[in-house]
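Hi there,

Here is the structure I promised to pass on to you. Have a look at it first, and my notes follow below.

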Amino acid sequence: MSVRPTFHTAPGDCLTLRTMKTIPHTQIAEPAVTCSTCAACCCQLEVMLITDTGVPERFIDTDDWGGEVMLRLDDGWCAALDRNTMMCTIYEKRPLICREFEMGAPECIEERQGISTAYR
Ligand code: SF4
Ligand code: SF4
């Protein structure tokens, strides 16, 4: 014995389906990685001074091995960072390592994720 499927549809259902419209929507883009939306995450890293770029003495510290590094304050950020703007106050004289730290690179993403709670 064959069983025929039974559909429970109202007379207007097909018409309703035909006239249904796709609701327009906007895909929200992932936020772009940019220093302007970052709490200067990479400025908490230890920055060794391997070349002389003119960093002022007051921002220079010595590590346990006698090497020169950027001084970091008690909050963990580099002493040369402006705490209000979260921008480098010695940008033209910043160390080589800072110049080569690439925005959007894996290291950058890692640092951003590491202190995401610090985002303003
Ligand atoms: S380079 Fe990356 S981690 Fe550093 S301030 Fe810019 S976005 Fe933040
Ligand atoms: S020197 Fe400038 S760019 Fe480098 S860690 Fe310090 S504040 Fe950041």
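How many helices and strands does the chain have? There are three helices and four strands, and from the N terminus on they follow the order α-β-β-β-β-α-α. Please keep in mind that this is a predicted model.

On the overall fold: of the chain's 120 residues, 13% count as buried. Among contacts with a separation of 6 or more, 57% are between residues 24 or more positions apart.

Next, the core. The largest nonpolar core has 13 residues, and the members that touch the most others are Cys-43, Met-70, Cys-78, Ala-80 and Leu-81. Leaving aside residues up to four places away in sequence, Leu-81 touches Ala-40, Cys-43, Met-86 and Cys-88. As background, nonpolar side chains in soluble globular proteins tend to be buried together.

- Ligand 1 has around it Val-33, Cys-35, Cys-38, Ala-40, Cys-41, Cys-42, Phe-101, Met-103, Cys-108, Glu-111 and Arg-112. By class, this shell holds nine nonpolar residues, two charged and no polar ones.
- Ligand 2 sits among Cys-43, Val-47, Met-70, Cys-78, Ala-80, Leu-81, Cys-88, Ile-90, Arg-94, Pro-95 and Cys-98. Its shell is made up of ten nonpolar residues and one charged, again with no polar ones.

Best wishes

Key. Residues are numbered from 1 along each chain as its sequence is written. Chains are lettered from A and ligands numbered from 1 in the order in which they are written. This is a predicted model: local features need pLDDT of at least 70, side-chain atom pairs count only at pLDDT 80 or more; totals for chains, interfaces and linings use all residues. A nonpolar core is a set of buried Ala, Val, Leu, Ile, Met, Phe, Trp, Tyr and Cys residues joined through C-beta atoms within 7 Å. A residue is buried if 20 or more other C-beta atoms lie within 10 Å of its own, exposed if 12 or fewer, and partly exposed in between; C-beta atoms are placed from the backbone. Two residues are in contact if their C-beta atoms, placed from the backbone, lie within 7 Å. A residue is near a molecule or strand if its C-beta atom, placed from the backbone, lies within 6 Å of it. Ala, Val, Leu, Ile, Met, Phe, Trp, Tyr, Cys and Pro count as nonpolar, Asp, Glu, Lys and Arg as charged, and the others, Gly among them, as polar. Helices (H or I, at least four residues) and strands (E, at least two) are DSSP runs, numbered from the N terminus.
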